Amino acid sequence: MAYDVIVVGSGPGGYVAAIRASQLGYKTAIVEKENLGGICLNWGCIPTKALIKSAQVLEYISHAQDYGIVAGESKADFNAVIKRSRGVADKMSKGIQFLMKKNKIDVLMGMGKLNAKKEVEVTGADGKTTAYAAKHVILATGGRARQLPNLPIDGKKIIGYREAMSLPTQPKSMIVVGSGAIGVEFAYVYNSMGTQVTIVEFMPRIVPVEDEDVSKELEKVYKKKGISIMTNASVEKVEAKGNGVVAHIKTADGNMSTLEADVVLSAVGVSANIENIGLEALNITTDKGKVIVDKHYNTNVAGIYAIGDIVPGQALAHVAMKEAVICVEAIANKEGKYHHVPEALDYNNVPGCTYCSPEIASVGMTEKQAKEAGYEVKVGKFPFSASGKASAAGANEGFVKVIFDAKYGEWLGTHMIGANVTEIIAQTVASRKLETTWQEQLDTIFPHPTMSEAVKDAIEVALGEAIHL
């Protein structure tokens, strides 16, 4: 059977590309080797948030007396927590099935691979291979847990994020290698449920891509929660010992130390799934493990496109979704089906969110990056300890930090750590897109009492006009 568009991979990039293509009148099929929704819905973004919510509920109950509530003893039922998370993921995956049906998209279950004729060969679970032709093929094969050579994931003693979401029993102790979003989120979940957690980070500070002030604040909060943190450190070797492991850790001074735990979670990033998808058959250009594309996600081979974690840019679900729409609309525009040339994605205005507790959200330049870029900056930092809503909610940890260009008032970046800040960052993203200045922000009414008004308060601090501090 021939299609107008075949999408390989049904994660946030793939399923959005398929839906938009169908909306624009293309006969569309999507290829998926495992579960509709990809890693994000099944083993990433969504089920981790379910685990995090369970951890938060446990924390609420544990601190009920702080709110004048008398509650009995609370403890986590680990298997029930995992079961709830899997249930949320399954429901979301079924939601994608519904969307495929609603949009008349054919779902081809199996492993998709390009051949020399630019067809997509789909190998099903029964081993049978069928070739499908399409005028346009969009590769959206996503990513997987990156593995360090000295830290091979075996699924038992050394685990990745998938195993961390479905362990049969709760470990008493865990070493988390890497302190990006995945590492600090799982560290929070397991620590909340009573596991002794140690984070080992190769860089000088945890959440190293964030503003330095955010890193310091999270480290302070995590240590208060009882999470051990080792920075400037690397796990050189892991050996099995009884029912657990011994990790050999090298510190910045070159000294070695050992640490015992039930399990090691490797959370050192994501590798793109570009192997065995037929790139070589068509000589599709790659560099540093990524498929090279133009601003509309064309590869060097006409009719073949790539989006999401397999192309350069942030490996984030919301990035893949936007790339999907841009890619499909650009195809449709060329063919006269859509009368608007999609604007290229601005990768400098992509928000990043980490759902640990307290949450982290940021967009734009850090203070250090802004200064290194030659800007004279105005920086404002407003602590949630001075926020009425945060105090009422018992969520005083963290702050909002804003960075502006002193000369023209351009909003260079915002960095937040605190309760629900992932829900607040979109305001900065939209404002930066509209090129608003600090004055326009101060001329905007923020609702009171809210966590979001801390953004306005931080801007007032930057200008030396603080009212609530």
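Keep in mind that the model is predicted.

I'll take the helices to begin with. H6 covers residues 181–192 and H7 covers residues 212–225, and their axes come within 11 Å, crossing at roughly 25°. That angle makes H6 roughly parallel to H7, since anything under 35 degrees counts as such. The crossing of H6 past H7 is left-handed.

Now the contact itself. On the H6 side we have Val184, Ala187, Tyr188 and Asn191, and they meet Leu218, Tyr222 and Lys225 of H7. By type, the residues of this contact are five nonpolar, one polar and one charged.

On to the cysteines. How many disulfides does the structure hold? It holds one. The bond runs between Cys40 and Cys45, with an S to S distance of 2.2 Å. The angle about the S-S bond is -130°, and the link of Cys40 and Cys45 is left-handed. As for the two ends, Cys40 is buried, because its relative accessibility is 11%, while Cys45 is partly exposed at 27%.

A disulfide needs the sulfur atoms within 2.5 Å. For Cys356, the closest cysteine sulfur belongs to Cys353, at 11 Å, which is also too far for a bond. Cys327 is buried, with a relative accessible area of 0%, and Cys356 is buried too, at 0% relative accessibility.

Terms used:
Residues are numbered from 1 along each chain as its sequence is written. This is a predicted model: local features need pLDDT of at least 70, side-chain atom pairs count only at pLDDT 80 or more; totals for chains, interfaces and linings use all residues. Side-chain values use heavy atoms; hydrogens and water are left out. Axes are lines fitted to C-alpha atoms, for helices over the stretch in contact, and angles run from 0 to 180 degrees between N-to-C directions. Helices (H or I, at least four residues) and strands (E, at least two) are DSSP runs, numbered from the N terminus. Angles under 35 degrees count as roughly parallel, over 145 as roughly antiparallel, 65 to 115 as roughly perpendicular and the rest as oblique. A crossing is left-handed if the near helix is turned anticlockwise from the far one by less than a right angle, and right-handed if clockwise. Contact means heavy atoms within 4.5 Å. Ala, Val, Leu, Ile, Met, Phe, Trp, Tyr, Cys and Pro count as nonpolar, Asp, Glu, Lys and Arg as charged, and the others, Gly among them, as polar. Buried means under 20% relative accessible area, exposed over 50%, partly exposed in between (1.4 Å probe, protein chains only).
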